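Have the sequence and the model open as you read.

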Amino acid sequence: MAQFLQEIITSHKESWDPNYTRDFIDAFLTQQEKMRNTPNTSFLEDKMITSLLGLFAAGTETTSTTINWGLLFMVLHPDVQSRVHEEIDRVIGKGRRPRLEDREEMPFTNAVIHETQRLGNIVPISLPHEAYRDTTVMGYTIPKGTMIIPNISSALLDEDIWLTPHQFNPGHFLDSDGKFVKPEAFIPFSAGHRVCLGEQLAKTELFIFFTSILQRFTLFLPENEARPSYKEAQFGITLCPLPYRLRAKAR
Ligand code: HEM
C-alpha cells in the first residue's frame, strides 16, 4: 500500500500547482511547502503516507461492508426490496443515474440504508481512546490515561429505544406519515469531537451505491440454497456478514 501511495505522491509532485488543489495530496504538498522552515512540523512525507493509509483503511472496508449487509438484508426481505424498487422507479426512474438530492424524496430507501447501518453495526466498539486528564462522567471517576472503549452496540441495539432491536425493520426510521426520522441512538459513526471524519462521504457513497445497484437489479437467493444468517458475523476490522451468495437479475 505504501509503495502504491508513493507512486501517486510522486506523480502529484510532478504536476503540483499550489494555485489549484486537486485533492488531499495536493493540499498536503501545499501545506508542506508553507511549513518548510517550521521546526517540528507534522507536514512530512511519512505523515502524509500514514494519513493516506488511514483514509484508505477507514474509508473503504467500512462502506463496502455496509453495502454487503444491505444486499444481504435485501435478499432476506424481498418485500422491503420491492418497496425500494418502487421508490427508485417513481423518484429517479430508469433513464438517469441516482443523485444525492434524490435522497430527500426517498424516505423509505433512506430508512432502509439507516436500518442496514443500525443492525449491521459494523464498528461495534468504535475505536479506543484515552482520557487525557482526570475526569468524571455520571459520577464515575475516570483517571487520566484510562483507555476508553465506547460501546456503540449498546445504542444501536438498545432494547428500550428500538421496537424490534434485533430484527431488520426500516420502520425504525419512519414516522406514522412515512417521513424519515433519525432517533438519537443512531450513532454508527460514533459521536463527539472524534466522530468519524468521513461520515458525510460515507452517507453519500451508501446512498449512491445502494440505489444504483437496486435501480438496475433484483436480488434474490439462489434456488435450493440455505437461507444465510444475519445473526452471525465475522469480526475483523469491521463486523462483516458471513460469506453468502446471491443472484442479481437485470430489471
Ligand atoms: C459506513 C461507513 C463508515 C462507518 C460506519 C464509520 C465509522 C467510524 C467510527 C465508529 C469511527 C471512530 C470514531 C471515534 O473514534 O469515536 C470512525 C473514525 C474515522 N473514520 Fe469512519 N466510518 C465510515 C466511513 C468512513 C469514510 C468513508 C472515511 C474517509 C474516507 C472515514 C474516515 C475515518 C477517519 C479518518 C476516522 C478517524 C477520525 C479521528 O480519529 O479523528 N470513515 N469511523
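This is a predicted model: local features need pLDDT of at least 70, side-chain atom pairs count only at pLDDT 80 or more; totals for chains, interfaces and linings use all residues.

Residues are numbered from 1 along each chain as its sequence is written, and side-chain values use heavy atoms, with hydrogens and water left out.

**The chain as a whole**

- The chain has 7 helices and 8 strands; helices (H or I, at least four residues) and strands (E, at least two) are DSSP runs, numbered from the N terminus.
- Along the principal axes, the C-alpha atoms fill a box of roughly 65 × 55 × 35 Å.
- Of the 251 residues, 36% count as buried. Here buried means under 20% relative accessible area, exposed means over 50%, and partly exposed is in between, using a 1.4 Å probe and protein chains only.

**The ligand and its iron**

- Which protein atom is a donor to the iron atom of the ligand? The only one is SG of Cys-196, at 2.3 Å. Donors are N, O and S atoms within 2.8 Å of the metal (3.2 Å for Na, K and Ca), and sites may look incomplete because water is not among the atoms.
- Cys-196 sits in the loop between α6 (152–156) and α7 (199–216).
- There are 21 residues around the ligand, and those that come nearest are Thr-62, His-129, Ser-190, Arg-194 and Cys-196. A residue is near a molecule or strand if one of its heavy atoms lies within 4 Å of it.
- His-129 has a polar side-chain atom 2.6 Å from an oxygen atom of the ligand.
- For Arg-194, a polar side-chain atom lies 2.7 Å from a ligand oxygen atom.
- Ser-190 has a side-chain N or O atom 2.8 Å from an oxygen atom of the ligand.

**Salt bridges**

- How many salt bridges are there? The count is 11, where a salt bridge is a side-chain nitrogen of Lys or Arg within 4 Å of a carboxyl oxygen of Asp or Glu.
- In helix α4 (residues 78–91), Glu-86 and Arg-90 lie 4 residues apart, about one turn of the helix. They form a salt bridge whose closest N and O atoms are 3.0 Å apart. Glu-86 is partly exposed at 42% relative accessible area, and Arg-90 is exposed at 54%.
- Arg-118 and Glu-115 join their side chains in a salt bridge of 2.8 Å, N to O. Both belong to helix α5 (residues 107–120), and because they are 3 residues apart there, about one helical turn separates them.
- Lys-203 pairs with Glu-199 in a salt bridge, with 3.0 Å between the closest N and O atoms. They are 4 residues apart in helix α7, so about one helical turn lies between them. Both Lys-203 and Glu-199 are buried.

**Surface and helix positions**

- Met-1, Phe-4, Leu-53 and Phe-56 make up a nonpolar surface patch, with about 360 Å² of accessible area together.
- Patches are made of residues with over 30% relative accessible area and no salt bridge; like charges are joined within 9 Å, and nonpolar side chains (Val, Leu, Ile, Met, Phe, Trp, Tyr) within 5 Å. Accessible areas come from the Shrake-Rupley method with a 1.4 Å probe, and for residues only the protein chains shown count as cover.
- Phe-56, one of the patch residues, is found in helix α3 (residues 45–76). Its relative accessible area is 32%, so Phe-56 is partly exposed.
- Ser-212 belongs to helix α7 and is partly exposed at 23%. Ser-212 and Glu-87 are 125 residues apart in sequence and 13 Å apart in space, C-alpha to C-alpha.

**Backbone points to check**

- Most residues other than glycine have a negative phi.
- Asn-121 is not a glycine, yet has a positive phi of about 45°. Asn-121 lies in the loop between α5 and β1 (129–130) and counts as buried, at 6% relative accessibility.
- Met-138 also has a positive phi, near 50°. Met-138 is placed in the loop between β2 (135–137) and β3 (140–142) and is exposed, with a relative accessible area of 78%.

Note on methods:
A polar contact is a pair of N or O atoms within 3.5 Å; within protein, one must be able to donate a hydrogen and the other to accept it, and residues adjacent in sequence count only if both atoms are side-chain atoms.
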